[in-house]
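I am opening a notebook on a structure that is new to me. The entries below record what I looked up, in the order I looked.

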Amino acid sequence: MTPLPARAELAGLASHETHEPWPRGISRHATMRISDVLAALEPEFGGISHSKLRFLEEQGLIHPVRTPAGYRQYSPADVERLRFVLTEQRDSYLPLKVIKERLAAMDAGEPAPGPSPRLAGGTAVAGDGSRRVWTTASVAEATGADPAFVDDLVQAGLLHPAPGGRLDAGAPDVVKLAAQLAEHGIEPRHLRPLRASAERQVALVDQLVAPRRRQQTPSAQAQAASLASEVGELLARLHSTWLRRGVDDLA
């Protein structure tokens, strides 16, 4: 009869069965400087900064390697973790605590939500339209909307192209939703009050985080960005609750 393995042997076996941290299959060889990371992320996250990266490091979301001289170096896997964190903040308005819990679950082997990760500076492993650089023409093509309709949204102030005509990642959603409303006779000009209401809410968030933003420490700057995302989500949920309640009363 084969003897049962000793407890120490079992512990050793278990240690070899731990999951590779997410994202799996992407290099963890740290050769990227902080400027390289910012260059890789800036096309998707225009507000990314040195202070933001350092704050996320302080929160335990990334763990760059330190050179003997004390400089931070990042791997392609670090960039993907950063991309996940920044996307969850921007698109889902999740607080960092929740994002950190999601990363821990993914590190433990749970599947990652959303599209597959891509190599830093390369193309997506799986098709991911949210990574594109959007213009009025590309949004019209991707959504199937008439380019003239997208131009109407711009003229109505519902889309705000940046210099060079670039639109933010939410532009396709705005176009799709506005097109569906147009089928019910709600034209872009009718949506201006909604946009104005959203901008007033942004101004309210701005007042809240301004004291932190005025502090010049990297940590305070990054905390301001995180707080803005969290409060913005709470305001959006409150607005949605009131809207649903009002519509229910109509019925």
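**Entry 1: the nonpolar cores**

I began with Leu56 and looked up its contacts, leaving out residues up to four places away in sequence; Leu56 touches Leu61, Ile62, Leu82, Val85, Leu86 and Leu96. I note here that the model is a predicted one.

Next I looked up the core itself. The largest nonpolar core has 26 residues. Val37, Leu53, Leu56 and Leu103 are the residues with the most contacts inside this core.

**Entry 2: Thr87**

I went on to helix α4, which spans residues 76-92 and holds Thr87. Is Thr87 buried or exposed? Thr87 has 15% relative accessibility, and the cut-off for buried is under 20%, so I list Thr87 as buried. I then looked up what its side chain reaches, and found the backbone oxygen of Arg83 at 2.7 Å. I also checked Thr87 against Phe45, which is 42 residues apart from it along the chain. The C-alpha atoms of these two residues are separated by 8.5 Å.

**Entry 3: salt bridges**

I turned to charged pairs. Side chains of opposite charge can pair when their charged atoms come close. I asked how many salt bridges there are by the rule used here, and the count comes to 10.

I looked next at Arg81, which forms a salt bridge with Asp107; here the closest N and O atoms are 2.8 Å apart. What does this pair tie together? Arg81 lies in helix α4 and Asp107 in helix α5, so the pair ties together parts that are 26 residues apart in sequence. Arg81 is buried, with a relative accessible area of 9%. Asp107 is partly exposed, at 22%. I then checked for shared partners, and found that salt bridges join Glu44, Glu80 and Arg83 into one network.

The last pair I looked up is Glu20 with Arg28, a salt bridge whose closest N and O atoms are 3.4 Å apart. Glu20 is partly exposed, with a relative accessible area of 35%. Arg28 is partly exposed as well, and its relative accessible area is 35%.

**Entry 4: a nonpolar patch**

I finished at the surface. Which residues form a nonpolar patch there? They are Leu243, Val247 and Leu250, and together they have about 340 Å² of accessible area. I looked up Leu243 in particular and found it in helix α10, residues 218-250. Leu243 has a relative accessible area of 52%; the cut-off for exposed is over 50%, so I list Leu243 as exposed.

Notes. Residues numbered from 1 in each chain as written. Predicted model: local features only at pLDDT ≥ 70, side-chain atom pairs only at ≥ 80, totals over all residues. Heavy atoms only, no water. Helix = DSSP H or I, 4+ residues; strand = E, 2+ residues; numbered from the N terminus. Buried < 20%, exposed > 50% of the residue type's maximum accessible area, 1.4 Å probe, protein only. Polar contact = N/O pair within 3.5 Å; in protein donor to acceptor, adjacent residues only side chain to side chain. Core = buried A, V, L, I, M, F, W, Y, C linked by side-chain atoms within 4.5 Å. Contact = heavy atoms within 4.5 Å. Salt bridge = Lys/Arg side-chain N within 4 Å of Asp/Glu carboxyl O. Patch = residues over 30% accessible without salt bridge, like charges linked within 9 Å, V, L, I, M, F, W, Y side chains within 5 Å. Areas by Shrake-Rupley, 256 points an atom, 1.4 Å probe, with all protein chains shown as cover.
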